[in-house]
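Student: Could we go through this structure together, one question at a time? I would like to see how each answer is reached.

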Amino acid sequence: MTRAGFVGLGNIGKPMALRLAGTDGVELWVHDIAEAPVAELGAAGAKTAASVAELASAVDVLSVMVRDDDQVRQVIAEVIAADRSEQAPLTVLVHSTVAPETPAELAATAEPHGVRVLDAPVSGGPMGAADGTLAILVGGTPEAYAAAAPVLAAMGSKVVHAGEIGAGTKLKLARNLLHFASFTAATEAQRLAEAAGLDLKELGEVVRHTDAITGGPGAVLYRDTTAPIEETDFWHGVFGHVAALGEKDLGFAIELADKLGVEVPLARLALERLAPGLGMPSRTSPPEEKFADLPEARAKGLRKMEEVYGFDMADGEGDFFRYTADHLFGDIWQRPGLTTRDRRLLLIGLLAGRGAADVLGIQIPAAYANGELSEDELREIVVFLSHYAGWPDGARMNTVVEETIGKARRKAQRS
């Protein structure tokens, strides 16, 4: 008989404890400051304790599923204060997701008192907790892991001993980075679909349907390294196809977003980083060798300057160029709050108001060449801004627009 305890009977903790209560060979004790879940566990066969100390004195393996690091520390403080003079060593499973350094800190605090700590965060939510299919990611010594094995097996169908103390938490954080970054990408997709007049519920149904078939983001997590893939490697062909397809579709999605005025910064970042992240060379990234010898901030700024201005850039000298390249284009033009098209429109309006036809002669052709503004949109901008900037400045801007359109048409005819 394994004597198990559980502290923290919340949204996930209660169904985890209920799994233990229904497991043969486990005697369960529970404690929580809320009375209702304690009563429910009592009705399911668990024994109840009035305090953490009482619980710790009665069990050999103690699960902790509380809100945050401070609450976990409080529980551990009460555990090590308990009288276990005639008991076997106590193993504490910290199921809460805490900061990466917290598990080692807790283990060092508890070890002199004969208490072994394992970090054992879970993945799978209330549904996985209820049906016993959680993934439980464990860090700690092999001896402590072996002592907790019967309890872990009762609550999860995927139990991983990831390594030393803290390894389980780090694995959970990597997993959740994917989880919530994907959620954020999903909100971008929603905004794009909504702007295109599509049904968001249908989008969700399609995503869930196809993810169930393909495996979703986890479908690329099979390699044991993030290093570039050799051409002789099996995965070179697989991920080469994924990168090519992804870059094509991301490019189309970004083009649609620009036309609809939807901000999709994650999509732009994905277009830049998908192939390198998969270990493949990217066909969409600017030539790295051109600015390879420059600091990353300068190289990033120069690439953005080339995009914004529409012509090749070279490095320059002096503080003015440094602030322009490193700060204005390396930082301000790449902040996530506005798209490049948004910033271009604001700048065109400002330049028109100041009568800066020479600078408009750079910005308008670049906007047209990049596909940010169509012929009709450029002409409409002239009509609109002329009423605010004045007809003389509007006329100069109109000259720039018509010259831009004329040059592009003549070039198209020649080709």
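Tutor: Let us begin with a term: contact means that heavy atoms lie within 4.5 Å. Please keep in mind throughout that this is a predicted model.

Student: Which residues does Ala 56 touch, leaving aside residues up to four places away in sequence?

Tutor: Ala 56 lies in helix 3, which covers residues 52–58. Once residues up to four places away in sequence are not counted, the residues that Ala 56 touches are Val 79, Ala 82, Arg 84 and Leu 90.

Student: Does Ala 56 count as buried or exposed?

Tutor: The cut-off we need is that buried means under 20% relative accessible area. The relative accessibility of Ala 56 is 0%, so this residue counts as buried.

Student: And Leu 221, is that residue buried or exposed?

Tutor: Leu 221 sits in the loop that runs between helix 9 (200–214) and helix 10 (234–260). Together with Val 220 and Val 242, Leu 221 forms a nonpolar patch on the surface, and the accessible area of the three together is about 230 Å². Exposed means over 50% relative accessible area, and because the value for Leu 221 is 59%, this residue is exposed.

Student: In which sense do strand 8 and strand 9 pair, and what is the handedness of the crossover between them?

Tutor: Strand 8 (residues 134–139) and strand 9 (residues 156–163) pair over 6 bridges in the parallel sense.

Student: Which residue in strand 9 is the bridge partner of Ala 135?

Tutor: We are looking at the pairing of strand 8 with strand 9, which is parallel. In strand 9, the bridge partner of Ala 135 is Lys 158.

Notes: Residues numbered from 1 in each chain as written. Predicted model: local features only at pLDDT ≥ 70, side-chain atom pairs only at ≥ 80, totals over all residues. Heavy atoms only, no water. Patch = residues over 30% accessible without salt bridge, like charges linked within 9 Å, V, L, I, M, F, W, Y side chains within 5 Å. Areas by Shrake-Rupley, 256 points an atom, 1.4 Å probe, with all protein chains shown as cover. Salt bridge = Lys/Arg side-chain N within 4 Å of Asp/Glu carboxyl O. Helix = DSSP H or I, 4+ residues; strand = E, 2+ residues; numbered from the N terminus. Buried < 20%, exposed > 50% of the residue type's maximum accessible area, 1.4 Å probe, protein only. Pairing = 2+ DSSP bridges.
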